[in-house]
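Below is a short note on the model, as numbered points. Please read it alongside the coordinates.

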Amino acid sequence: MAKLGRTIKLRLYPDTNQANQFLAMSHEYQRLANLVSQWIFDHEFQLSWLKINHHLYKIFRQESVLNIQMVQSVFRTVVARYKTVQEQMKQHPYRYKNEENKWVQVSKDLTWLVKPIQFHRPQADLVRQSNYSFVDKMRKISITTLGKRTKLGFTDKGFEKYFSEDWKLGTAKLVHNRGKWFLHIGITKEVPDFEQQGNPQIVGIDRGLRFLATAFDSKGETLFFDGKKILHKRKKFLEIRRQLQSKGTTSAKRKLNQLAQRENRWMTDINHRIAKTLVVAYGSHTLFVLEDLTNVTFNTDDLPKALRNSHRSWSFFQLESFLTYKAQAIQSKVVKVDPAFTSQRCPKCGLVEKANRHHETHEYRCKQCQYRCNDDRLGAMNIEMLGQDWLSGVKHPKIKKLTTAG
């Protein structure tokens with residue numbers, strides 16, 4: 001069995017007194033989180049919960065009004081944030097050109113941080129039952145504050161089904177956004193694993209800019225997700241951002257922040273739609289194959305100058321994340337393969353030749369067997385082939401460079 005995770009978002013309706021209690025608790029939680037972060041930074045990034053608890057627990061209990069469970073929650077929250085940053089740094093090594101003008105990669109770890117991780121927004125992570133629980137036949141929620149627990153109303157619009165199915169409620173995050181209070185609750189559920197036996201369908205997915213995703217399945221059919229409208233809208237966002245940056249006023253900076261949030265919400269929605277379309281189109285018992293795009297950049301020569309940085313900011317990894325958990329829910333699976341030569345290999349004769357791909361016409365033309373194909377479709381075809389290798393038992397499938405047919 002596999003564990004499926006989701007986050008449900010409840011809108012809370014505190015009165016003025018309750019809202020003030022939440023705000024005070026969130027500020028105190030934030031203060032302690034920054035103290036713990038400073039301690040970790042000053043002590044060679046020790047991420048052992050036991051060591052942090054040993055050195056800081058008594059101090060916090062003496063000087064803080066947070067209860068025992070909340071203090072322990074602070075420790076777990078900060079350690080989790082450092083582990084997340086640690087994983088992100090591993091995925092993005094430092095790159096530089098050496099004296100021979102060759103690119104060199106150096107792995108990064110937490111010692112590359114020049115200052116402790118900062119918790120800029122008031123927050124509070126609440127443990128199920130200890131810090132929050134549902135009461136009055138699920139009509140109200142009881143939440144810990146700096147004083148006694150308080151009861152208040154909530155709405156779960158759009159998330160009702162998660163309370164009636166076999167989902168387990170976990171740690172929740174108290175969130176204050178634009179004058180409103182929310183509770184984001186992590187939930188889990190066990191679902192059957194993906195079965196490699198039984199001839200599952202294989203879908204190779206090539207991600208890019210001109211086409212956000214191109215899917216090629218084991219039946220030989222192709223699905224394109226056009227990215228032209230996305231690039232056009234990104235150009236509009238970029239133009240507005242430059243105008244605001246040129247002003248440099250406090251109002252402009254506030255609008256820049258709002259613009260960034262709006263753009264992120266829009267991009268997230270696009271990724272959700274693509275992922276949902278893929279799992280609906282191909283259904284259960286499907287192996288979705290993606291390239292491992294860590295440290296990979298995209299050719300942007302055919303894009304306007306203003307959009308040459310699109311490959312840096314477009315959330316390819318977010319799409320991968322959304323597809324992974326949506327696929328898991330229907331007993332399908334996402335695997336990542338080496339991206340080397342996926343855009344250069346001829347799927348008919350096996351020749352690997354960079355010059356066969358013509359960016360200006362978005363076409364692949366094999367000079368050896370004369371095979372012709374859309375270049376994005378070709379990438380998806382080769383990725384699907386690597387999926388076949390993975391399914392047959394190859395742990396790390398990779399295209400070998402052949403300069404003649406083979």
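At what angle do helix H2 and helix H3 pack, and how far apart are their axes?

1. Helix H2 (residues 49-63) and helix H3 (residues 68-91) pack at about 140°, and their axes are 10 Å apart. Axes are lines fitted to C-alpha atoms, for helices over the stretch in contact, and angles run from 0 to 180 degrees between N-to-C directions. H2 is therefore oblique to H3 (under 35 degrees counts as roughly parallel, over 145 as roughly antiparallel, 65 to 115 as roughly perpendicular, the rest as oblique). The crossing of H2 over H3 is right-handed (near helix turned clockwise from the far one by less than a right angle; left-handed if anticlockwise).

2. The model is predicted: local features need pLDDT of at least 70, side-chain atom pairs count only at pLDDT 80 or more, and totals for chains, interfaces and linings use all residues. Residues are numbered from 1 along each chain as its sequence is written, and side-chain values use heavy atoms, with hydrogens and water left out. Helices (H or I, at least four residues) and strands (E, at least two) are DSSP runs, numbered from the N terminus.

3. On the H2 side, the contact (heavy atoms within 4.5 Å) includes Trp49, Ile52, Leu56 and Phe60. H3 contributes, among them, Ile68, Val71, Phe75 and Val79. By class the contact of H2 with H3 has nine nonpolar, two polar and two charged residues (Ala, Val, Leu, Ile, Met, Phe, Trp, Tyr, Cys and Pro are nonpolar, Asp, Glu, Lys and Arg charged, the others, Gly among them, polar).

4. Helix H5 (residues 228-247) and helix H6 (residues 250-282) cross at roughly 165°, their axes coming within 9 Å. H5 is therefore roughly antiparallel to H6, and H5 passes H6 in a left-handed crossing. Residues of H5 in this contact include Phe237, Ile240 and Leu244, and those of H6 include Leu256, Leu259 and Trp266. The contact of H5 with H6 divides into 10 nonpolar, one polar and seven charged residues.

5. The unreviewed UniProt entry annotates residues 198-284 as "domain: Probable transposase IS891/IS1136/IS1341"; such annotations may be inferred rather than shown by experiment. Over residues 198-284 the chain is 61% helix and 22% strand, with the end C-alpha atoms 12 Å apart.

6. Arg178, between strand E8 (168-177) and strand E9 (180-191), has phi near 55°, positive in a residue other than glycine. Arg178 is exposed at 61% relative accessibility (buried is under 20%, exposed over 50%, partly exposed in between; 1.4 Å probe, protein chains only). Asn199, not a glycine either, has a positive phi of about 55° and is exposed at 71%.
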